[in-house]
Amino acid sequence: MLRDIIIIGSGLSGLSAALAFSHYLTPLIPDLRITIFELHPVPSTSGGALSLSPVALRHFDHLGILDELEEYGPESGVDVDAVEIFSSRTGKPISNLDFSGKQGLGYGDAETGKRYRARRVMRINLSLAMMAATEKRGNIKIVFGKKFLKAVQLEDENRIEVHFQDGARATGHLLLGCDGVWSATRRKFIDPGRDAKYTGFSLVQGTVKTTSLKVNPHFRNSSMNLSKNGSLLITFHEKQHQEIFTSAMVECREESVKDHTDMVKWKRDMINDSLRNEISSRFKDSVIPFVREVATSPEVDWMMYPIYQVPLGGNWYTKRAILLGDAAHAMLPRDESAAYAIDDAILLARIVSNHIDYPLETSFQIYDSLRRTDIAHAFKDSAKLWQRRNTDAGPIETWFRERLVPFQIKHELVSRKAAFEYDASKAAIPSLSRSLTPLSSLRPDSKSGSSFSSHDTITSSGGSSSHNGHLRTHSSCAQAEMTKLMSGLVVNEK
């Protein structure tokens with residue numbers, strides 16, 4: 001039985017999951033109901049400008065999000081053919097991170113003819129576009145101001161009940177934990193004890209109006225400026241080039257950054273002044289005038305976001321609940337960060353729809369076997385990337401690093417191309433052999449009653465790494481039951 005889906009968290013992961021499950025399951029379950037429960041009372045405005053890779057844009061287009069984003073006009077983001085990489089030491093271009101491909105048309109689908117490059121867009125605009133897409137589905141509802149307290153697997157094992165801090169309860173057939181790095185779904189239900197760990201890095205970022213700057217930019221749309229003290233991203237994030245977004249990764253002790261955003265204003269202002277001094281000290285000596293001005297400008301409103309990650313391993317699921325996105329595998333940021341969450345959502349929704357006549361745990365096991373190895377590789381690659389990029393260096397090492405950049409980019413060209421061409425909506429997934437008898441069906445039972453009840457009743461709405469489609473076996477699945485299950489798997493190109 002699978003009619004009511006509960007999603008915890010309305011970030012990119014939660015909204016992607018709602019849209020993906022609505023897209024793939026509605027044709028099979030016409031009265032499907034999806035409810036997203038969000039901790040905050042209103043949509044969050046925090047976060048800076050996200051980098052959306054070609055694969056992220058392809059998936060957003062697939063779920064109808066891209067059309068909604070385009071409605072924002074200039075605020076829908078700036079298209080990025082390449083991130084231009086410069087040496088702050090010499091002012092010369094070193095290389096570029098290309099998103100347009102050999103023909104300069106981007107990466108796409110031969111069947112549809114659509115091509116995608118990359119885009120830089122403010123997180124709040126993307127979130128609002130995703131919410132607009134959910135409204136058009138007719139079977140997705142968002143409830144704000146609901147803090148997850150606990151979840152209980154009901155005795156009949158067909159439903160799961162979620163308790164909220166205000167006393168409300170919600171009962172559904174599937175629970176998706178999409179509540180980010182600090183996931184209460186993970187810590188209080190699915191995998192207690194697997195807490196987020198501080199990476200040692202914090203993201204310092206800010207915006208500044210171009211009219212407040214005297215020097216013209218040295219790049220077209222987006223740049224990464226390397227120095228002996230790290231790298232400074234400077235990029236436009238809207239089509240009219242009226243505002244600059246800039247960010248740098250810095251190493252900080254955890255006690256210096258913990259609860260930074262919850263501090264009283266005078267403490268926050270004091271830390272922001274310190275951040276401004278830190279960025280200025282790192283990049284004020286750049287020979288590139290625009291980098292120098294941005295790094296020292298008093299007009300930049302700097303904010304700091306400590307980066308936490310979820311340790312590899314652990315459990316991702318129980319019988320009727322599973323973690324997606326950062327709740328399962330938060331890591332240091334990289335080009336594909338936004339794509340991972342929507343990859344998760346589309347892949348899991350497809351697996352569940354393809355195995356609608358089997359227990360949810362069967363779909364979870366297949367998903368785990370497909371996803372975990374890729375995530376582990378991405379996790380480790382991200383750690384290496386930032387450790388290499390942000391370690392302070394002397395003159396000789398800085399010179400050597402700059403010479404290596406073009407070779408590193410060329411070396412990763414094949415894997416990046418594969419990542420950009422990956423399509424979660426078409427990737428091959430395992431399918432159970434027809435000869436195997438399902439233990440129970442996920443199709444809705446017409447005799448089933450309402451899925452939401454409680455003291456305060458909540459009703460559901462009526463309305464980069466290297467990707468491939470091969471089945472990968474992970475140690476967590478190497479149980480006798482999983483061995484028997486996998487023996488009946490065949491590749492299905494749906």
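Biologist: Which residue in β12 stands opposite alanine 151?

Modeller: Heads-up before we look: this is a predicted model, where local features need pLDDT of at least 70, side-chain atom pairs count only at pLDDT 80 or more, and totals for chains, interfaces and linings use all residues. Residues are numbered from 1 along each chain as its sequence is written, and side-chain values use heavy atoms, leaving out hydrogens and water. Now find alanine 151 and look across to β12: the residue opposite is valine 162.

Biologist: How many bridges pair β11 with β12?

Modeller: Strands are DSSP runs of E with at least two residues, and helices are runs of H or I with at least four, numbered from the N terminus. Two strands pair if DSSP finds at least two bridges between them. β11 and β12 (residues 160-164) pair in the antiparallel sense, and the number of bridges is five.

Biologist: In β20, which residue stands opposite leucine 176?

Modeller: Strand β14 (residues 174-177) runs parallel to β20, and three bridges join them. Opposite leucine 176 you'll find isoleucine 322.

Biologist: Are helices α2 and α13 roughly parallel or roughly antiparallel?

Modeller: Axes are lines fitted to C-alpha atoms, for helices over the stretch in contact, and angles run from 0 to 180 degrees between N-to-C directions. The axes of α2 (residues 54-62) and α13 (residues 413-421) come within 7 Å and cross at roughly 10 degrees. Angles under 35 degrees count as roughly parallel, over 145 as roughly antiparallel, 65 to 115 as roughly perpendicular and the rest as oblique. The two helices are therefore roughly parallel.

Biologist: Which residues of α13 make the contact with α2?

Modeller: Contact means heavy atoms within 4.5 Å. From α2 come Pro54, Val55 and Arg58, and from α13 come Ala419, Phe420 and Glu421.

Biologist: What share of the protein's residues count as buried?

Modeller: Buried means under 20% relative accessible area, exposed over 50%, and partly exposed in between, using a 1.4 Å probe and protein chains only. Of the 494 residues, the buried share is 54%.
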